[in-house]
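Dear colleague,

Please find the structure below, followed by an account of what was found in it.

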Amino acid sequence: MLNVSVIGASGYGGGEVVRLLLGHPEAHLRHLVAETRVGEPFAEVFPNVRGFIDGRTEPLDPAAVAADSDVVFLALPNGVAMSLVPQLDDRVRVVDLAADFRFRGAPAYERWYKTPHIAEALLEEAAYGLPELHRAEIRRARIVGNPGCYPTAALLAIAPLLRSGLARPTAIVIDAKSGVSGAGRAASSRTHFSEVNENVFAYSTPGHRHSGEIEEELRLLAGEVSFTFTPHLIPMTRGILATVYLQPARAVTREAAEAAFREAYGGEPFVRVLDGESLPQTKATLGSNFCDVAVRVDPQSGTIIAFAAIDNLVKGAAGQAVQNMNLMCGFPEELGLRVPGLFP
Ligand SMILES: NC(=O)c1ccc[n+]([C@@H]2O[C@H](COP(=O)([O-])OP(=O)(O)OC[C@H]3O[C@@H](n4cnc5c(N)ncnc54)[C@H](OP(=O)(O)O)[C@@H]3O)[C@@H](O)[C@H]2O)c1
């Protein structure tokens, strides 16, 4: 049994880590750390876990967390983890849900997050936590930079098509829609009910920060790449649907594209390649760690259209973080995670 602590446990990502770990047979929850919501009964911070947790949220004490924990999840605003991780003992494994450990070098982080990286040396110990692309590296890593929610969906839609050489790595268009929980728990005018309800809008385009990690990962897959990424906010709580348009490298049939997806994900525990006429829908992944993918070819233009649906808080954050903990700690990858989502 591992002692596990969550820093940022009062936020949406941290709260979801706690919910999932309550069903994990090898995890014992130790410290649940908050910032402004310190000292509150956890079951009041997250009423869904009433009856499962008696404790209260604690203030941050890095020495106490390090002394009592085998694994620490950090679910904090970007830029906080890199000041905290150096204060944790080297023995402690870390999964960071923010962007601090997602990049392979400080310059890329600094370009996209407009702030100096103050723990550059630790980036060498970190793996990018997308198991479908970096499983072996994650198993060896002490620190995992858990991917962003949009990059998880976009990369899982694109990777089979670049790996197989069916699609060109240039002029890729990623059109993605997210529910509002992707913006975190703190209120803002952009995520205010009155402004999101019965509304759909694009934002932070071009140049959304998730473009940085998408670019880094696509380059590893295919060298020089070019893409356009446009995120949209839609009036629902959870879920991301990414629809990706790629130009074929040669004449491509739907059968060939589907075969590439089946080859890439046939053995993957959390990627479901939809067959027949089914296309991914966010509701089918709600509350689960599954990513549903499918691919089509437009007979008129030859354009390949790849789809991926996830729950942004599970495969896009906390579920993938627990999947990474399982890999880092030598547990079966699906431990505590293999449950279907809610439907409807
Ligand atoms: N939401 C998603 O779908 C999603 C998906 C993938 C990745 N992420 C990433 O995961 C991280 C957490 O996101 P979230 O959605 O969970 O955010 P959130 O709901 O706003 O929660 C933020 C958490 O961090 C704590 N906190 C805030 N400022 C802090 C500080 N200066 N020092 C220490 N703790 C601080 C908050 O504590 P109090 O509540 O006590 O103030 C809260 O527990 C972010 O980096 C985000 O980009 C989020």
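**The sheet and the pocket**

Six strands form an open sheet in the order β2-β1-β3-β4-β6-β5, with parallel pairing; strands (E, at least two residues) and helices (H or I, at least four) are DSSP runs numbered from the N terminus, and two strands pair if DSSP finds at least two bridges between them. At the edges stand β2 (27-33) and β5 (126-128), each of which pairs on one side only. The model is predicted, so local features need pLDDT of at least 70 and side-chain atom pairs count only at pLDDT 80 or more, while totals for chains, interfaces and linings use all residues. Residues are numbered from 1 along each chain as its sequence is written, and side-chain values use heavy atoms, without hydrogens and water.

Within the sheet, β1 (residues 2-7) and β3 (residues 71-74) pair in the parallel sense over four bridges. V6 stands opposite F73 in β3.

The largest pocket has a volume of about 1,400 Å³. A pocket is an open set of points on a 1 Å grid over the protein atoms alone, where a 1.4 Å probe fits, with protein on both sides within 12 Å along at least five of seven lines; lining residues have an atom within 4 Å of a point. A volume is the space filled by probe spheres set on the points, which are joined across faces, edges and corners. Of its 49 lining residues, L76, P77, G182, A183 and G184 are the closest to the centre of the largest pocket. Domain 1 (2-148 + 315-329) and domain 2 (150-312) both contribute to this lining, so the largest pocket lies between them; the domain bounds come from an automatic or database assignment.

Yours sincerely
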